[in-house]
Amino acid sequence: MWRNIFTDASSGLTFDYVGLDYAALSSTSSNSGTGWIYMSIAGGNSIYKEFPINTTPPPVLPNENYISIAHISNDYSVYPYSQWKMVKVYYYGNSSDVDYWEWSTSHSYYAKPNDDSVIFIPYSSSNVSVSVRACNSNGCSQYVNTVIN
């Protein structure tokens with residue numbers, strides 16, 4: 001009876017399982033390329049085999065460390081001007097990582113597209129807790145919180 005013995009694999013590959021006629025490998029690298037294994041047959045010669053390694057990069061999620069929230073001057077786009085505070089979120093990472101924003105205040109929830117990163121809160125409100133997170137098709141960042149006076 002022949003028995004395959006898997007003896008070595010290229011850097012970054014690990015044998016997860018070795019059976020009688022196959023081996024399962026995993027890669028610790030996110031690079032595509034070519035891998036190799038050595039296999040010997042019990043009582044026989046070693047065989048060197050190359051194979052393609054195709055990896056899928058992990059999904060890109062927006063990073064909450066790149067988010068900043070600020071109370072900015074009302075640009076007079078909401079009337080009456082004196083009754084609203086403008087609150088804007090900024091993303092300092094790759095803007096293409098953000099498809100939309102999820103806002104939460106003490107009384108409201110908003111989902112807004114990336115090109116509309118502003119909400120309005122009543123001017124008479126003080127100490128309003130505002131939370132926002134950046135989202136894309138892969139998921140959302142953690143919420144970033146601030147208090148608007």
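Tutor: In this predicted model, the count of disulfides comes to one. The link joins C135 and C140, whose sulfur atoms are 2.1 Å apart; the pair therefore qualifies, since the cut-off is 2.5 Å between cysteine sulfur atoms. The angle about the S-S bond is 110°, and the link of C135 and C140 is right-handed.

C135 has 0% relative accessibility and so counts as buried, because buried means under 20%. C140 has 24% relative accessibility and is therefore classed as partly exposed.

Next, the loops. S106 sits in the loop that runs between β8 (100–105) and β9 (109–113). Its relative accessible area is 49%, so S106 is partly exposed; exposed would require over 50%. Setting aside neighbours within four places in sequence, S106 is in contact with V128 and S129.

N127 belongs to another loop, the one between β10 (118–122) and β11 (128–136). With a relative accessible area of 54%, N127 is exposed. The backbone of N127 has a phi near 55°, a positive value in a residue that is not glycine. Most residues other than glycine have a negative phi.

Key:
Residues are numbered from 1 along each chain as its sequence is written. This is a predicted model: local features need pLDDT of at least 70, side-chain atom pairs count only at pLDDT 80 or more; totals for chains, interfaces and linings use all residues. Side-chain values use heavy atoms; hydrogens and water are left out. Buried means under 20% relative accessible area, exposed over 50%, partly exposed in between (1.4 Å probe, protein chains only). Helices (H or I, at least four residues) and strands (E, at least two) are DSSP runs, numbered from the N terminus. Contact means heavy atoms within 4.5 Å.
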